[in-house]
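Morning, everyone. Please have the sequence and the structure open.

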There are 4 protein chains.
Amino acid sequence: MRLLHCHPQVELVALSSRTYGGQDIGSVFSSLKGLNYRFKEMNPEQIASEADVVFVAAPHGVAMQFAPAVVEAGKKLIDLGTDFRFRDVALYEQWYKIQHSCPHLLAEAVYGLPEVHRLEIAKARVIGNPGCYPTSIILALAPLLEARAVADDLIIADSKSGVSGAGRKSDTAYSFCELTGEVHPYSVLNHRHTPEIEQELSLLAGRKIKAVFTPHLVPTVRGIISTVYVRIKPGYTRESIRGLYERRYEGEPFVRLLDEGHYPSTKAVTGSNYCDISVDFDESTSLAIVVAAIDNLGKGASSQAVQCMNIMFGLEETAGIAGLPLFP
Amino acid sequence: MRLLHCHPQVELVALSSRTYGGQDIGSVFSSLKGLNYRFKEMNPEQIASEADVVFVAAPHGVAMQFAPAVVEAGKKLIDLGTDFRFRDVALYEQWYKIQHSCPHLLAEAVYGLPEVHRLEIAKARVIGNPGCYPTSIILALAPLLEARAVADDLIIADSKSGVSGAGRKSDTAYSFCELTGEVHPYSVLNHRHTPEIEQELSLLAGRKIKAVFTPHLVPTVRGIISTVYVRIKPGYTRESIRGLYERRYEGEPFVRLLDEGHYPSTKAVTGSNYCDISVDFDESTSLAIVVAAIDNLGKGASSQAVQCMNIMFGLEETAGIAGLPLFP
Amino acid sequence: MRLLHCHPQVELVALSSRTYGGQDIGSVFSSLKGLNYRFKEMNPEQIASEADVVFVAAPHGVAMQFAPAVVEAGKKLIDLGTDFRFRDVALYEQWYKIQHSCPHLLAEAVYGLPEVHRLEIAKARVIGNPGCYPTSIILALAPLLEARAVADDLIIADSKSGVSGAGRKSDTAYSFCELTGEVHPYSVLNHRHTPEIEQELSLLAGRKIKAVFTPHLVPTVRGIISTVYVRIKPGYTRESIRGLYERRYEGEPFVRLLDEGHYPSTKAVTGSNYCDISVDFDESTSLAIVVAAIDNLGKGASSQAVQCMNIMFGLEETAGIAGLPLFP
Amino acid sequence: MRLLHCHPQVELVALSSRTYGGQDIGSVFSSLKGLNYRFKEMNPEQIASEADVVFVAAPHGVAMQFAPAVVEAGKKLIDLGTDFRFRDVALYEQWYKIQHSCPHLLAEAVYGLPEVHRLEIAKARVIGNPGCYPTSIILALAPLLEARAVADDLIIADSKSGVSGAGRKSDTAYSFCELTGEVHPYSVLNHRHTPEIEQELSLLAGRKIKAVFTPHLVPTVRGIISTVYVRIKPGYTRESIRGLYERRYEGEPFVRLLDEGHYPSTKAVTGSNYCDISVDFDESTSLAIVVAAIDNLGKGASSQAVQCMNIMFGLEETAGIAGLPLFP
């Protein structure tokens, strides 16, 4: 809402909500008081008839109910959930425990990570917007995997995420008093982002990659830091590894490769669409340590969705999402 | 639990819970893993038969169901809720919208603020443990009111409380993401602690005192700062006002009067039973500004209840609650 | 920097710094990595020659060194410090303990609060951009004072500010460990914003107003909540008081008067130029309680300075500062 | 101070400080107002003459100046710094860039991790109290290494630490505004705790172990979570791995092995001497993921030092440090 309202080429024509139907936006989000929008409860056909593009930000299982009507009406759909992220429908059904209702649309859907799939995004009708953790981990590893520099078939990704990644929940476990001062791992060895990470890493590598992914909750609202450990093939040096990143991300408007000795930080990307990346290489063990930072609600969700929209409609890719991080 | 488990003269004989009945303490509060306690669901008679003193930490309306059985069994009850704080049953019923089921016990109950009612507490069978806001405001004003130094019948108390004052709630409004960075007033002109504050201030003053009390939520877990504004009668000076506080609180183990130019702070009392107080006087307007800080879960709740228990059973008043604040 | 870089009609021609001279902006503020700016050390003449308007964000005493050269070069100066806020040079010198070096420019300078001094700002050469606390307190009281509705000559303002109000300091007292969980008052009865508040309130009232102003530090980065207590003359009701605010702020793009029962919150304005206001009236005591919230770095500093610039140069008043608050 | 003041068998006879000499404890730490202690500046002989045991909490290089006098006087020294942690003086000198002034005392000093070196601690004259990160990582791995279950010579430890680990610093980089909402790695591949970790892991394993250790700062005051990744030799199962931990830590008063599916959390140990541990095993990759949580100022520093003191003087090992975590 915040991004789309200020986007120079977007007109927000309708806001749908199962929870807040009939309410004014300002009564739900006091930061948006004074804006003249009201939530409606709408069916897919209504939504498809009103807009050129529909964003779905809902639990899995919702977007696939809307997608057929949107596509039939000749409109486009960007799903911030997981319904359109998997190439393998069986994998989706295994991890999310429901049947996919439109596997033909899943088959044509594009994984909405512009730095990896920009050309396909431009032509897509349906986008599966990447998960927040996968965005950080895939961008951290793409240069190494594409260059076939990775030795092992196993990568270790240790991620730290702000609390907003869990969504807006009425749950004691997400209360201010439980989480202030709290750090803990969760979903060890079984987080649902794992297959999504493995799918994209394997595509980049041209072979099956296994990811051991350990997410941790840290007491900040926004931000993800992913620290990735990966064995490199013989023959690489600190400089040649760094060169892979420089060439791969040259010209990318939203990826900032940091100078040596500088490290990504959540605050340096808060409120923006940036992904900051550092790369270190320990020659004695051939281990590369790559760190990536994003705003999980920005590049990890909403502003990445707007970036996809810009690409899909031939707009300036940075339109509406060029805002600088809010600091401090 | 934390305080009682470590108290040198207390044996915890039973833990009752409507919500967690049957569960091990460590599975409810992971900080208490390894302790050998289990929650039961118990009726008042069972509870009364097992213990010498019963603490009730529950919403209003619960303690008054337990009190008669406890008192009849010759045991003592300390209610951390509001059922036994009011001298005027009508006031209770008006503000809390329920009928009081044992007004005879309310009549004999003592308001458990040791610095004001120590002698009565020693003989009490039923204690209404003070609210967190009232504790800070009453201790801030007692020296002025007892000395009849207050000019107006109106005091203004502007309080700032940590989030734990709201209890352990599954409510989006208390989530980490909504409250990090958040400050706001609430219950302006109608907070339920107002009549409790006015009751005790009026008792101290010997006349009807009106309190305008504005609570604010601040983004910390523990701690209350109450800043109180009150007009002083002619004839007082900065020194004489300060002298009232020095004499009043001399020898009190848990009240620390700060040196001039020093101010109470939430961190300086966190985890302890201290109440820190500063007093300033603006001679040009005759306005005194008194600031008090407590840990709302300590002196504002649990450790104050233990202090009352110590007094009721003739133990050392500081037993089990002499721990120093946890800093930083 | 963040605001000016994204402002559609601003070109940043030079960045001066005594501390960071010679450094790239991204090495000082990692959030701004990738921007192509470098800090220089510049003298006033250089600065005046390069730009149409100069913003000074420095301790008091600095802006008055730059102002004469800027004005002589026919350019405009907006001081975010205190050198140009006072109508009475003696008051400035008394509170800030230095001599004012250009009292003639102080005499013509305009207090840059657009909602109060819009027309004068449009014609000003030198702006004294308001302090963060004064902005919130003056906007809270303007409707009452202009309507001559205030009974007393004394108002009580109890303010709570985020830590960024103290500036970027290497001081243990502002460290993360000391301030997490910390709430405390400071500068009781002697904060330097007091004379600035009294000057503007007195101007609005047409008579001398005395302010008892108590600032508190609360553990958030951004945001101020000011809770103001003021006695109202006989004859007013809740509705008529509210009507004063509705009429006064109708059409103001950055003041949001909240519906009854809703209260200002720091998060609802974070990152924006909004000032949110609530007003309550206790008919039994004739006390009005007005609460105002701003982002101390936004409406309380930088975005208000940009708002002044927009007015001074005939631009759309909201240009570059219409961004919505960042939530959560 | 907080722990020793409340310890039943300790009398604090002197407090020395280079920074706060002559000041009352309450004026330095407002949480300790009311205690009757004053900092002195003292030389080693004075200190040695007054106490049975001397705790040194100072930068490296200080304790080794005090140790000879203390030992000669027949007293004991517990250094919370790094001067007495290394078996290899060359390693110390290489990492800390100074010469060690009493290598003979270093040679007899004991690494003060009771769960590993309890018997030697009982007889020691000089203790090198372990670093916070090493404490968590060594306790996480001891059962696997002692059982010779580890396949690789390389372990990966990804740690997250609260800010208090950096000490009490006047540094913008540790300010509230810079660190609220901030997560970042630091000292990648070159943190000074690395050789200390490798020394103890190698001792436990009976062979040279290499550690890739990546510390991260997370925005909490207290607490460390270390997530350790290690390859296990063939033949182990989830159950047999878990069994190693159960047997190893049975009876340890301060190590809590968590049930399967439960994970360590910083809040569950805050203010206590506990180390909470979880262990997972991915049979498909033979990777074990062990997570350990401690309070970096508790088990990671002060309360561990008190635990060593208790052992050295034949006191109850839990005396003075049996306090439960402060929650929430």
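Start at Leu141(B). Leaving out residues up to four places away in sequence, Leu141(B) touches Ile155(B), Leu201(B), Val228(B), Val230(B) and Val290(B). Bear in mind that this is a predicted model. Now, how many residues does the largest nonpolar core have? It has 382. Leu141(B) is among the residues with the most contacts inside that core, together with Leu141(A), Leu141(C) and Leu141(D).

Next, the sheet in chain A. Four strands make an open sheet there, with parallel pairing, in the order S3-S4-S6-S5. Its edge strands are S3, residues 53–56, and S5, residues 110–111, and each of them pairs on one side only. Look at the S5 edge. S5(A) is joined by two bridges to S6(A), residues 126–128, and the two run parallel. Opposite Tyr111(A) stands Gly128(A), in S6(A). What lies across this sheet? Helix H4 of chain A, residues 63–72, lies across S3, S4 and S6. H4(A) runs at about 165 degrees to S4(A), the strand at 76–79.

Move to chain C. Here, too, four strands form an open sheet, parallel, in the order S3-S4-S6-S5. Why is one side of S3(C) and of S5(C) left without a neighbour in the sheet? Because S3(C), 53–56, and S5(C), 110–111, stand at the edges, each with a single partner strand. For S3(C), take the pairing with S4(C), residues 76–79: four bridges, in the parallel sense. One pair to find on screen: Phe55(C) has Ile78(C) in S4(C) as its bridge partner. Helix H12 of chain C, residues 302–312, packs on this sheet and touches S3, S4 and S6 of chain C. The direction of H12(C) makes about 160 degrees with that of S4(C).

Helix H12 is worth a look in chain D as well. What covers them? After H12(D) comes Gly314(D), with a positive phi near 70 degrees.

Stay in chain D for one loop residue. Thr82(D) sits in the loop between S4(D) and helix H5(D), residues 89–96. Buried or exposed? Thr82(D) counts as buried, because it has 23 C-beta neighbours inside 10 Å, and the cut-off is 20 or more. Setting aside neighbours within four places in sequence, Thr82(D) is in contact with His60(D) and Tyr96(D). Asp171(D) is 89 residues from Thr82(D) along the chain, and their C-alpha atoms are separated by 22 Å.

Now the contacts between chains. B and C go first. In this interface, 40 residues of chain B are in contact with 40 residues of chain C. Which elements of chain B give two or more residues to that side? They are helix H9 (176–179) and strands S7 (154–161), S8 (184–185), S9 (210–217), S10 (224–231), S12 (275–282) and S13 (287–294) of chain B. By class, that side of chain B has 20 nonpolar, 11 polar and nine charged residues.

How are the two copies related?

Last, A and C. Chain A is laid on chain C by a turn of 180 degrees and a shift of 0.0 Å along the axis, with an RMSD of 0.0 Å. Which residue of chain A comes closest to the rotation axis? Leu326(A), at 4.2 Å by its C-alpha. Here again the same surface serves both copies, as 100% of the contact residues of chain A recur in chain C.

Terms used:
Residues numbered from 1 in each chain as written. Chains lettered and ligands numbered in written order. Predicted model: local features only at pLDDT ≥ 70, side-chain atom pairs only at ≥ 80, totals over all residues. Core = buried A, V, L, I, M, F, W, Y, C linked by C-beta atoms within 7 Å. Buried ≥ 20, exposed ≤ 12 C-beta atoms within 10 Å, placed from the backbone. Contact = placed C-beta atoms within 7 Å. Pairing = 2+ DSSP bridges. Axes fitted to C-alpha atoms, helices over the stretch in contact; angles between N-to-C directions. Nonpolar A, V, L, I, M, F, W, Y, C, P; charged D, E, K, R; others polar. Least-squares fit on C-alpha atoms with pLDDT ≥ 70 in both.
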